[in-house]
Amino acid sequence: MQRVVTLLTDFGLSDPFVGIMKGVILGINPHAVIVDLCHACKVYEPSEAAFALITAYRYFPQGTIHVAVIDPGVGGPRRPILVSCDGHLFIGPDNGLLAPLAEKAGSSGVRTIAATRYFLHPVSATFHGRDVFAPVAGHLSLGTKPAEIGEPIVDYVRLTLPHAALSGTSGVKGEILHVDRFGNLVTNVTRTDLEHLASGDFPMAFFVRIAGQEVPVVAYYGQVAPAAPGAVIGSADYLEIFVNQGDASRLLGVGRGSEVMVGRKDASDRGESPT
């Protein structure tokens with residue numbers, strides 16, 4: 001069976017770990033189509049990878065199996081879990097990494113991975129990507145049903161990604177969720193958040209206040225001068241702060257968790273300021 005399997009890890013590419021996981025999957029299903037989603041996630045940080053996964057999976061075909069391994073608790077009591085959501089399957093450790101998808105899936109969409117007959121043996125205490133997650137993905141890609149993998153659970157580890165909130169009648173308060181390799185600061189303020197407040201030319205009717213600076217919201221990067229900061233609705237429909245041909249994180253001295261405030265220009269002109 002030709003089935004797409006994606007891999008998201010914090011393993012990097014300087015060691016053979018990713019290649020070994022691919023070998024395990026292909027050893028079970030030589031016809032699997034394996035896609036490297038990302039292997040440079042922040043190490044030991046499930047929340048950042050959770051954001052990457054929930055913004056990326058929708059661009060893959062229904063039936064895709066997503067293996068996500070950011071697993072500082074490997075070998076310990078944390079469980080491996082399987083989440084069924086929107087016609088996709090997600091495999092990973094129960095440490096919050098899959099929690100946003102589990103919340104979206106509802107009570108019947110989360111199972112513990114308990115059927116050890118689908119594991120490689122012996123199971124290492126340090127490499128469950130190879131011995132648990134990859135072989136389970138391989139068997140699922142051949143048609144094994146989630147019900148054969150384990151029983152439903154409701155007590156999985158929760159991880160709530162912070163949501164932006166209204167600030168007054170003309171602003172939105174949010175924070176930085178992710179810094180990409182270009183230094184762009186991806187916030188949790190969505191296109192929908194701003195559309196609810198829009199007045200005038202969208203999205204240029206807004207400005208962003210961050211690290212004591214006020215930057216304009218524009219339609220595309222080139223609307224500000226080289227080396228100047230701005231903000232734009234990015235490809236995942238989240239507002240991101242950038243520096244044209246530069247690094248916003250370095251210029252502004254901020255990173256994940258830093259607060260941002262978005263306000264309407266017309267309200268600012270009347271002396272109203274989001275708080």
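**Pocket lining and sheet arrangement**

The lining of the largest pocket comprises 14 nonpolar, five polar and five charged residues, where Ala, Val, Leu, Ile, Met, Phe, Trp, Tyr, Cys and Pro count as nonpolar, Asp, Glu, Lys and Arg as charged, and the others, Gly among them, as polar. The model is predicted, with local features requiring pLDDT of at least 70 and side-chain atom pairs pLDDT 80 or more, whereas totals for chains, interfaces and linings use all residues. Residues are numbered from 1 along each chain as its sequence is written, and side-chain values use heavy atoms, hydrogens and water being left out.

The volume of the largest pocket is about 620 Å³, taken as the space filled by probe spheres set on grid points joined across faces, edges and corners; a pocket is an open set of points on a 1 Å grid over the protein atoms alone, where a 1.4 Å probe fits, with protein on both sides within 12 Å along at least five of seven lines, and lining residues have an atom within 4 Å of a point. Of its 24 lining residues, Phe51, Ala52, Thr55, His178 and Asp180 are the closest to the centre. Helix H2 gives the most to this lining, with five residues.

Six strands form an open sheet of mixed pairing in the order E2-E1-E3-E5-E4-E6, with strands being DSSP runs (E, at least two residues) and helices likewise (H or I, at least four), numbered from the N terminus, and pairing requiring at least two DSSP bridges. Strands E2 (33–38) and E6 (110–112) stand at the edges with a single partner strand each, so one side of each is left without a neighbour in the sheet. The parallel strands E3 (residues 65–69) and E5 (residues 88–93) are joined by three bridges, and His66 stands opposite Phe90 in E5.
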